Amino acid sequence: MEYEAAWLDGRVPCAIPDIRGIDDIYLMSDADRVRSDNVIIDTAARELCVAAHEMFGSDLSPKQLLSTDTLYTKSNGNANIALKLTAGDEPAGAFSIIAEEGSKIITVTSSSPEGLLYGAFRLIFLLRTADEFKDLNCSETPASPLRMLNHWDNLDGSIERGYSGNSFFFENDKVIVDDRTEAYARLVASVGINAVVINNVNVRAAATKLISAVYRKEIKALVNIFKKYGIRLFLSLNFAAPMELGGLDGSDPCDEKVRAWWKTALDELFTDVPELGGFLIKADSEGRPGPFTYGRTHADGANMLADIIAPYGGLVIWRCFVYNCKQDWRDTVTDRAKAQYDNFMPLDGEFRDNVILQIKNGPMDFQVREPVSPLFGGLKKTNEIIEFQIAQEYTGQQKHVCYLIPEFKEILEFKTYIRDTKGDPVEADTVCDVVTGRTFGTANCGMAAVSNTGNDANWTGHDLAAANLYGFGRLAFDPSLTAEEIANEWTALTFGKDEVIFQLISYILNTSRPAYEKYTAPLGVGWMVNPCHHYGPNVDGYEFSEWGTYHRSDAEGMGVERGAKGTGYIAQYNEPNASLYENLETCPDELLLFMHHVPYTYRLHSGKTVIQHIYDSHYEGAEEAVRMRSAWCSLKDKLDKKRYERVLERFDEQVRSAAEWRDAICTYYRQKSGIADEKGRI
Ligand code: GCV
């Protein structure tokens, strides 16, 4: 199937007027570093050659230089680029770019091959987007050690919560290794991704065999491709593999037979594929097997695997998405939001160093607005990685534009008020500090996102959803970037620097998430979607179900009471967050209905009643969807027809769906509350 190269498609020319060409690309290294056989450096050099060709038509091949050789300025005014591996010990991936204005020599320096790769990509991006030669100078260090994509791809080729076609990793129980695999690795490495889980966390049927000899050849081939781009490959594991593959009668992590089975299986795997990163595991969650069946803890399960793969440098990434999905909706005490904290806090300090707990950004499941998971402010002696979702399961399924980076920024900047083990305040206490290892000085941590890619030609279904893929990588690398900066970078790389395109796309991206929240789920309410597929409004779709997902609307009011008089969830936060959320006067409006049950007539900080806010925001959101579509339409003559029409079709659906949300929700609450819209809308 044909595919495009998203922001790497080479259409955008060099933006810096003083650079009229690139004469040569040099490879240099400090004397004691061997570079000639480094596949990552070769990739970096190749990328620079490709970019030089795209921008200036030059056909270059990299020239080797000894560290003692000097780069001479050429007199024709063209630039020369050097990739220089140094002997320092900066964190892997760090690089700097020095652009000497007089000589036009641009040197990308790093002490790691990955750093040269990221530096080469950054240089290419800057050549296409910066205003002046001097803007090429920069120095960057990746903030998150792990910058990971989780694919929920199944071996039959389907993708759980996939909205951009089928898998490009699997088809009919076969692993696909082709030119698209490499194109994918190139795309995600260009924004700093260094770890990829290729299969769904719900590991069933043939996927269980990915760790076995059956798929060894293909896994090795994938690893070899990923290696060239500095990416480590991870697999999702089936905790019941000893039964399903090994024929044992149980998977008890403390049973010697089970341990021995895993040891043989994983020793063989790592011996054949030593570069494998490790495993991602969903256990005791939504029907998946896990240690609870045997009366064991999640630490027992994770540590058993971690011990086996520690000698190979392997990591066990263990998901905290563990809750009771068979709840009785009449039970108002059990609260799914509390489950992850309740399950994992008692285990703090019990996990091995090569275990990382993967925690979803919120306590429920990727709603358009949720509070930050209180676990980030709780765990003190456990490695953590945050899990975001750029697959837009609950945010419009890549039919609606919803630029998620502003939300991720808010989450990362949330102050947890975590204390150290002595109970004293910690200076580096934001979620970002915790997951980038600044709080407790760990290196096994970072950021993961459920990927939004598939085999659609444009990778992400909605062309504008590529901003989320690009943005997640950039944010994980450099969380100090603002969401607007990231949007601007992506827009310039994708569409060039035309001022009108720039203004309008930036308007669309920045409006999109607030608009989506307004016409679907204002005030933190969540879950009013159709069951199973999760698209479109259905106010009571999950209200009387077993999934623990309620809004508790009645004739007088709505929202889940999670304060001291309710489920007690709020007490999982540290002070002053706990008091902030507990008190109605200070609880932020956007989370009010997540935290409290209030009457429809309750007045928000804005002065509006809850019910009027619901009416108004749904109308506003639906109007914003119409305005975003018009903004896109005004770009018709500036964009290529294919891309323009592909997105327009999605905007048509977004406008239709937003109106449906507005009408379904407003009608429901008009009937439920008996209170009319004061603006007389029906
Ligand atoms: C991969 C939600 C989704 C499931 C997903 C699960 C998870 O429940 O709807 O499709 O399963 O989260 O994150 O494990």
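**Exercise 1. Locate His534 and Tyr542 and describe how Tyr542 is held.**

Solution. His534 is placed in the loop between α13 (499-520) and β17, where helices (H or I, at least four residues) and strands (E, at least two) are DSSP runs numbered from the N terminus. The structure is a predicted model, in which local features need pLDDT of at least 70, side-chain atom pairs count only at pLDDT 80 or more, and totals for chains, interfaces and linings use all residues. Residues are numbered from 1 along each chain as its sequence is written, and side-chain values use heavy atoms, with hydrogens and water left out.

Step 1: backbone. Phi of His534 is near 70°, a positive value in a residue other than glycine.

Step 2: burial. His534 has a relative accessible area of 6% and is therefore buried; buried means under 20% relative accessible area, exposed over 50%, and partly exposed in between, with a 1.4 Å probe and protein chains only.

Step 3: the partner. Tyr542 is also found in the loop between α13 and β17, and Tyr542 is buried at 6% relative accessible area.

Step 4: polar contacts. The side chains of Tyr542 and His534 make a polar contact of 2.5 Å. Such a contact is a pair of N or O atoms within 3.5 Å; within protein, one must be able to donate a hydrogen and the other to accept it, and residues adjacent in sequence count only if both atoms are side-chain atoms. The Tyr542 side chain also reaches the backbone nitrogen of Cys532 at 3.1 Å.

Step 5: surroundings. Leaving aside neighbours within four places in sequence, Tyr542 is in contact (heavy atoms within 4.5 Å) with residues including Trp527, Pro531, Cys532, His534 and Trp547.

**Exercise 2. Characterise the shell around the ligand.**

Solution. Step 1: membership. The ligand is surrounded by 14 residues, the closest being Glu160, Lys282, Arg319, Lys360 and Glu393; a residue is near a molecule if one of its heavy atoms lies within 4 Å of it.

Step 1: composition. The shell divides into 3 nonpolar, 3 polar and 8 charged residues. Here Ala, Val, Leu, Ile, Met, Phe, Trp, Tyr, Cys and Pro count as nonpolar, Asp, Glu, Lys and Arg as charged, and the others, Gly among them, as polar.

Step 2: polar distances. A ligand oxygen is 2.6 Å from an N or O atom in the Lys282 side chain. A polar side-chain atom of Glu393 is likewise 2.6 Å from an oxygen atom of the ligand, and for Asp365 the distance to a ligand oxygen is 3.3 Å.

Step 3: cover. Taken alone, the ligand exposes 340 Å², and the protein buries 96% of that; the areas come from the Shrake-Rupley method with a 1.4 Å probe, and for residues only the protein chains shown count as cover.

**Exercise 3. Identify the backbone features at Pro576 and Arg161.**

Solution. Step 1: Pro576. The peptide bond from Glu575 to Pro576 is cis, with omega near 5°. Pro576 lies in the loop between β17 (557-558) and α14 (577-582).

Step 1: Arg161. Phi of Arg161 is near 60°, a positive value in a residue other than glycine. Arg161 is in the loop between β7 (146-150) and β8 (170-171) and counts as partly exposed at 23% relative accessibility.
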